Amino acid sequence: MKRKNIKRISDSKIDQPVSSDQTTENNHPIPVDPGCPVVGIGASAGGLAAFEAFFSGMPANRKTGMAFVLVQHLNPDYKSILSELVKRYTSMQVFEVESGMKVKPDCTYIIPPNHDMAFLNGALHLFEPSAPRGQRLPIDFFFRSLAQDQRDRAICIVLSGNGSDGTLGLRAIKGEGGMVMVQSPDSTEYDGMPRSAISTGLVDFVLPAAGMPEKLIAYAEHAFSRFPLLIQPSSPSVEDALKRIFVLLRVQTGHDFSHYKQNTILRRIERRMAVHQIDNQEKYVRFLQQAPIEVESLFCDLLIGVTNFFRDPDAFAALQKHIPSRVFSDKPSGALIKIWVPGCSTGEEAYSLAILLQEEMERLKLNFRLQIFATDLDSKAIEQARTGLFPASIAADVLPERLSRFFALEPENNSYRINKSIRDTIIFSLQDVIKDPPFSKLDLISCRNLLIYLGGELQKRLISMFFYALNPHGLLFLGTSETVGDSVDLFGVLDRKSKIFIRSNVAHATPRLPLGKFHPPTHDSIPLTQNLSRNSCEFKTQLREITEQALLQHFSSSALLVNETGEILYLHGRTGRYLEPAQGEAEMNVLLMAREGLRQNLVIALRNAMMHNEIIHDYQLQVKTNGDFTTVNLTVKPVLESRKSENRHRLFLIVLQEPDSKLENRETTDATPENISDNVNVRKSSYSEELEIQIQTLKKELRDKEQYFLTINEELHTANEELKSSNEELQSVNEELQSTNEELETSKEELQSVNEELDTVNNEFQIKITDLSRANNDLNNLLVGIGIGTIFVNLQMIIQRFTPLASQVINLIPSDVGRPLGHISHNLIGYDSLTDDIQKVLESLIPKDIGVQTKNGEFYLLRIRPYRTLENVIEGAVILFFDISEQKRAEIQTGIALKAALDSENHFRALSEFLKSPQKDIKEDNNE
């Protein structure tokens, strides 16, 4: 089947945590015995040696009760011989997977080339890969499906290889309570994948491949040889052990897990017990007391959260539809949008929300300030989230458009880093959502897959807290297995399938205090007489201070104490209407902070006060304040520090006071020339003349400065135009370089993937060459050992190979390989038809035997046979020389002996006839 025709594994329920009770999301019971444990083993370059070491370390003739599934990066164009190679190192049955194949214990299954593989309902299913070559992540794909199907019975092992394939998959397995093993980097040929896996902090064992089987079998015996504790009835001993574990966790970490669902806690504790081969809760409690590092490990296991970018894409798509109408609506341009992501883990969800909102703002051409608070208990996860660095395997979860736009590839780390513009919108911090105060005035809370780990009462408290943290009509985004429960009066349903809720605008809800905080009674309820019931001296002092403070607040002016350079040493009253921070580095200098309409007069008044050491007044100044003008009277008065100070500096008090309109009107109506003091007239006259001179001087300086600034401005404008032009050219070049860089990065990824595949093929070829070399050595020793001279020729009778014994018959030397056999002289007597006989055999395919003799008197049986391949193809002939000299000599000796015997027999017969002849004659004579 084609992978593209089904929903992506990463988009399905694989990544969703399981509710702690014994039911699935659809309330179907989880089977108690889902089958044998399945061990997923992922490897890439250098994987063959790791597989050999792993299976060689497996105890012989011992049943493990586990099934092993091997996933390796293979060349899609080459038929793998991995199955044949693995068979050499294990006594288990080895299969190359066919789609729908059921797994059985004590069997090994190997992924075929050019396929992705998933595990579902105890069977392996194959898919055509949808990702282009070089971007495929078959190990992650399989590990995630294994986590969903096997849950806490899943085991994954990451062996040698480059890249980060397997990292996200092991997160899913760990999140379901499975076990993770990784090959130690110093024992691998390529350490990219093992180091990426170890960097997650979720690995249970880091071992050489040969040492893994022992730990694996021990873990399986403790974890799967009995029913899990969580399906047994609760017992007082288990309850007591849990309470003591909670105490140890709270003492060392400061966090209370007693409100978490008990079944969830038991599963995590049970897994840690299996890792250490501890079969009793009491023993584990003692182990925790003796090993504080195990308390930290258990704490980390309890905090494991399965997360990835845009988890549940359908839910994020639904949220994206509601953002314009629910989050952006009724907000002015530049407004602040606040979002809270409790339980953010390593930050993928927070970054996903930031990307989603940024895309929506750009699509709608809106400009808002985005601020996301992402919090978690796990300090390591927060540190990792702050770096914004993620493995390259996130490409399986992030669309290519988002990946190229919001991430930057770092080839040296084989990872992606989130762009700074997105990173700056998020604040990561440690927070215990159970006891720490929440954020407030939020537009959206995304709390996905946290509530399912908490007890019912704690869930209600958190839902209520979320209600008061949100703005009216704010959104609450929960996980697909979560709901607001009984708090339907606080939240309405916006999207039931995607679990998006909207805050109800109710005023009768009972307010709740922040969780875990004690609030003492306020002092407002304590009578004043109780506060003032002191001795009479303290009571009078308090009355005096109260009276003075009331008078100061009623008649006070805004005042500043400054030194000679204008540095502010002390502030009194409300000065914000007259001062504002200057741009650039923060400085507390009144001459820089004075608002428009006050600055110039303040400079002159302060200078005159320093020069003449007298009080300077300036009336009816128009100070620009928030788009309007405020009338103020300015007074600068020289003062000194305490005389006890050895190094006294001149100080000045600047008083800013709004004029009293009634007093001014009265002075206007009652003032006459007779009521004005002559001394005041003289002072004002001298002051006016001096002021006129200073004004003229300042105007000249101002004109010179204006001319100077005009010239500088023209030069700056010209330079700016040139820089703008250069910047446009550089931007164009930068875009071209960026495009080229992206193409090169893509090519590099593809080449890296091809290189890993070729490395695997090369390792297989090396093994094959070793086998062929060994077979060749065996053949040579065999031919030499049996004493048969052999010559191999092709169809053109070109010599391909020969053995040393053949050179005693045919005058062959090593350099004759490749020459025609007919060009070589021989030592045979009376036989010159060797090539003709070979040709006849090649034509008729009928072997031929001929007896021949060499010049040195040796006898051989010459046998000519066709050379056949395994495919029964004739590719030449084989000429064999069997030494039969001893046999011939024996035959000759036998012939000589036989001839001598025959000659003796004939002689005996002749003698016998001769002897018989005289007797016959005598007898005849007697008869006569």
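The model is predicted, so local features need pLDDT of at least 70 and side-chain atom pairs count only at pLDDT 80 or more, while totals for chains, interfaces and linings use all residues. Residues are numbered from 1 along each chain as its sequence is written, and side-chain values use heavy atoms, with hydrogens and water left out.

**Figure 1. The whole chain comes before the close-ups.** The protein chain has 24 helices and 30 strands; these are DSSP runs numbered from the N terminus, with H or I over at least four residues for helices and E over at least two for strands. Of its 928 residues, 42% count as buried. Here buried means under 20% relative accessible area, exposed means over 50%, and partly exposed lies in between (1.4 Å probe, protein chains only). The accessible surface comes to about 51000 Å², and carbon and sulfur atoms hold 53% of that; areas come from the Shrake-Rupley method with a 1.4 Å probe, and for residues only the protein chains shown count as cover. Taking contacts (heavy atoms within 4.5 Å) between residues at least 6 apart in sequence, 67% join residues at least 24 apart.

**Figure 2. A salt bridge joins aspartate 312 and arginine 448.** Their side chains meet at 2.9 Å, N to O; a salt bridge is a side-chain nitrogen of Lys or Arg within 4 Å of a carboxyl oxygen of Asp or Glu. This pair links distant parts of the chain, 136 residues apart: aspartate 312 is in the loop between α10 (292-303) and α11 (313-326), and arginine 448 is in the loop between β17 (442-447) and α16 (456-469). Aspartate 312 is buried at 7% relative accessibility, and arginine 448 is buried at 5%.

Figure 3. The whole structure holds 19 salt bridges. Aspartate 191 pairs with arginine 195, with the closest N and O atoms 2.7 Å apart. Both are partly exposed, aspartate 191 at 30% relative accessibility and arginine 195 at 48%. Aspartate 816 and arginine 819 form another pair, at 2.8 Å; aspartate 816 is buried at 3%, whereas arginine 819 is partly exposed at 36%. Lys174, Asp204, Arg272 and Glu294 are linked in a network of salt bridges.

**Figure 4. Leu779, Leu782 and Ile786 form a nonpolar surface patch.** Together they have about 260 Å² of accessible area. Patches are made of residues with over 30% relative accessible area and no salt bridge, joining like charges within 9 Å and nonpolar side chains (Val, Leu, Ile, Met, Phe, Trp, Tyr) within 5 Å. Isoleucine 786 lies in helix α22, residues 678-786, and is partly exposed at 46%.

**Figure 5. Cysteine 36 is too far from cysteine 107 for a bond.** The structure holds 0 disulfides, a disulfide being a pair of cysteine sulfur atoms within 2.5 Å. Cysteine 36 is buried at 16% relative accessibility, and cysteine 344 is buried at 2%.
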